[in-house]
Each structure stands twice: as structure tokens, then as C-alpha cells.
Amino acid sequence: VFFGCSSSHREYDVFVMTVTNIFVLIVLFIVCWTWRCVIILNWATAESWRHNPILCATVVTLFNVLLIPLVTSYLRCVFTKSCVHESKAARQYFLGRPLSASSDIFDVDREEVAPLSAQSLDLESGGGGTSREREVLSADDEDVPLSQAFGLQYILDRASQLRVIERGGDGLPRVCETCRIVKPDRAHHCSVCGRCVLRMDHHCPWVNNCVGHANHKYFMLFLFWTFVELTFTGAAQLTRVAPCFGFGVRINSVCDQELLLNGIICISLDISVTGMLLLHIFLVLKNKTTLEMFQRRTPTSGRFPYDVGRRKNFESIFGPRPWLWLVPTRAGCQSDGVHWDTNTWMNVGDDESGPPPALSSGPGRPTSQAVGVPDPS
């Protein structure tokens, strides 16, 4: 489902999603082909077992053991969604149902969302009618902007109630006209997926999915286990591939040609994956996403506002239990993708009059420090 897109845009998005599905098949093909080269063509052959059965058994066992968390992390990263529509914690951020949604999973119960108040806001004050009237207008009229459908004051009040601290370039709460929501902090709309993604890092074509709050750990573990597997594979293949680089050596057998090609590809992928892994480890320790790395912010101090220390930054992705850090599971991860700890005051708008209100203690919220939220009034 692609929300709020014209037919031409939907056709383009379907094309993009189809192409990225091909990338997923390419990754799975490389995994299967590498398994064939390492196991069937090299270390599980009768000749190899006859010369050194203990070494062959060790290589075959380790390769398959390392392959399990790699494939599990990859598949979970592919199939785990971080969009706001599938998050219970983000339901209260909806202002109206998505524009083109026909599935019941996108029908937000307005009584459950609990509007700020039942009083009417007259048109002169920018209210645009009662909350129920604004709901009907936003659900039925796709051409009406949120500021008109709900009223600017209502959006400001809702953002204040939800304790949203990030603002757009105009100093107003960030909203998504397509998903019809007040954007949670660190959430962004993905034009490829057609949805807002919680703590969006980037859209990765190799997993055909957005890397965000729910699958960021799986993405990191996929990079890590891919690095380990490719390094191990390169070392295991070295005994067979290295002689092929000797001067005057001819590669006569098709098997040697395939092993040589697989070795070159594995080494090349290992180099690129290593660079990407180091970059994302750096970002995790800073509690930054790829998008936030390129965004300009205006905090009152030089420190990134979501940087609460390397240990806590790391645990916000991998959880507080060290024995589960390398396991592709989110058991123990406490963040809901909506609320985030901060380390300092944050200038999120142009209104700096008066001190910002203190934030209440709760999951993912600071208990001793506050974040500035401009008074919508």
C-alpha cells in the first residue's frame, strides 16, 4: 500500500520495490553460492577429507554455525517493519487515517487516541470545528492540509500533549500529510515504503526495507556476522585460491575458476561491509542515525542531544543484557521507538521565551534533565 500517491507515483514505487526485491534475491544467491563453493567444491570433497579430515570438519562446522545468525539477522531485518502504523506506542500520534488506507490495521480509534478536549474550536481561532468534525474532514478529504483539517492550534496542542520536542524548519511540529500524523521524535517519512518510520536510519535496498527502530539491531548484526563470515570464508578459501595468483599458473578446472571468482567477490564484499560496519558502530555509540548525521540541529551545547553516553547509546539498540547482544532477538530492548532519553536542553524552535517545561519521568524519558518545548500558545 502506498499512501497519498498518484497512480504514476504508485507505478514508480512498485517498480522500485520490484527492483529492490531483486537485491534481496541477489544477497540470498551469494549466500547459497558461497556455501556451495566452501562446502561442496572445497572442504567437503573426498580429496580434502583424505588429506586433513580434522581441519575439514572444523571448517565445515564453523562455516555453517556462523551462517545461522547471519541468515537469521538478515531475514528478520527484511521482514521486521519499523513504521508508525505497526507500533502501538505511536497510535496516539495519528490525526486521521492514512489517505489511501483500506485495511483495518490503519483505522485509528479516535476514542483510544483520546483527544485533548471535547470543546469546539471556532474557525476564527484556527480550530476548524470540533475534534469529531476534524476527524471526518481529515479522513474523507485528501486535498485538505492537516493545518486546515484539524486547525493549527489543535496540532500545536496535540504536539505539546505528546511531548514532541523536534520541530520543522518553520518552528512548528513536524507533521506528515501522507500518514496524517504528528511525527514522533526521530521519525521520518520514507518515500519508497510510503510510510513514516520510527527512528529511521535509512532505506536499504539490500534488505528491501527501512532500517529503523524495530530492526536496527538486526541490521547491525547482519553487518557483523557478514563481516565474520566473509573473513572466515576468505581465510578458509586462501589455501585453494592463493596458488591461482602465482606467476605462470594456469587455472584449468572449472572448479578452480569458480572458487577464484567466489574468493574475489567475498574479499571485495568484506572490505565494503567492514567500512559500513565501522561507520554504523560509530553512529550507534553516538546514538545517531544516518539521517541525523547529515541533519543540521541547533542544540544549545555542542553535544548531540540524544547522546546519553556510549554504554546507554549502545544499549538503546542492543539492550542491557550482554549475553544477547550478538543474538538476533530484541528481547530485553526497552525502547518503544517514540520516547528517547536526552542529555541536555534542546532548541527545537524559534520561540525561546521562558524556560521549557520539565518532562515527566517515564519510559525513555529523562528524569533529571529536561528538553525545551516551545509553548504552542
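Analyst: Salt bridge first, as a term: a side-chain nitrogen of Lys or Arg within 4 Å of a carboxyl oxygen of Asp or Glu. Arg311 and Glu315 form one, N to O at 2.7 Å. This is a predicted model: local features need pLDDT of at least 70, side-chain atom pairs count only at pLDDT 80 or more, and totals for chains, interfaces and linings use all residues. Residues are numbered from 1 along each chain as its sequence is written, and side-chain values use heavy atoms, with hydrogens and water left out.

User: How far apart in helix 11 are Arg311 and Glu315?

Analyst: About one helical turn, because they sit four residues apart in helix 11 (residues 310–318). Helices are DSSP runs of H or I with at least four residues, strands are runs of E with at least two, and both are numbered from the N terminus.

User: Is Glu315 buried, partly exposed or exposed?

Analyst: Partly exposed, because its relative accessibility is 22%. Buried means under 20% relative accessible area, exposed over 50%, and partly exposed lies in between (1.4 Å probe, protein chains only).

User: How many salt bridges does the rule give?

Analyst: Six. One of them joins Glu86 and Arg195, with the closest N and O atoms 3.5 Å apart. That pair links distant parts of the chain, 109 residues apart: Glu86 is in the loop between helix 3 and helix 4 (110–113), Arg195 in strand 4 (residues 195–197).

User: What about Arg174 and Glu166: buried or exposed?

Analyst: Arg174 counts as buried because its relative accessibility is 13%. Glu166 is at 4%, so it is buried too. Their side chains meet in a salt bridge at 3.3 Å, N to O.

User: Switching to helix 3. What end-to-end distance does it have, and what should it span?

Analyst: Its end C-alpha atoms are 39 Å apart. That agrees with expectation, because 27 residues (53–79) at 1.5 Å a residue should span 39 Å. The expected span is 1.5 Å times one less than the number of residues.

User: Which residues of helix 3 are buried?

Analyst: Among them are Cys56, Val59, Val60, Phe63, Leu66 and Leu67. Pro69 and Tyr74 are also buried.

User: Which residues make the nonpolar surface patch?

Analyst: Leu25, Leu28, Leu75 and Phe79, about 400 Å² in total. Patch residues have over 30% relative accessible area and no salt bridge; like charges are joined within 9 Å, nonpolar side chains (Val, Leu, Ile, Met, Phe, Trp, Tyr) within 5 Å. Areas are Shrake-Rupley with a 1.4 Å probe; for residues, only the protein chains shown count as cover. Helix 1 (7–43) and helix 3 each supply at least two of the patch residues. Leu25, in helix 1, counts as exposed because it is at 56% relative accessibility.

User: Thr34 is in helix 1 too. What does Thr34 touch?

Analyst: Phe63, Thr233, Asn262 and Cys266, not counting residues up to four places away in sequence. Contact means heavy atoms within 4.5 Å. Thr34 is at 6% relative accessibility, so it counts as buried.
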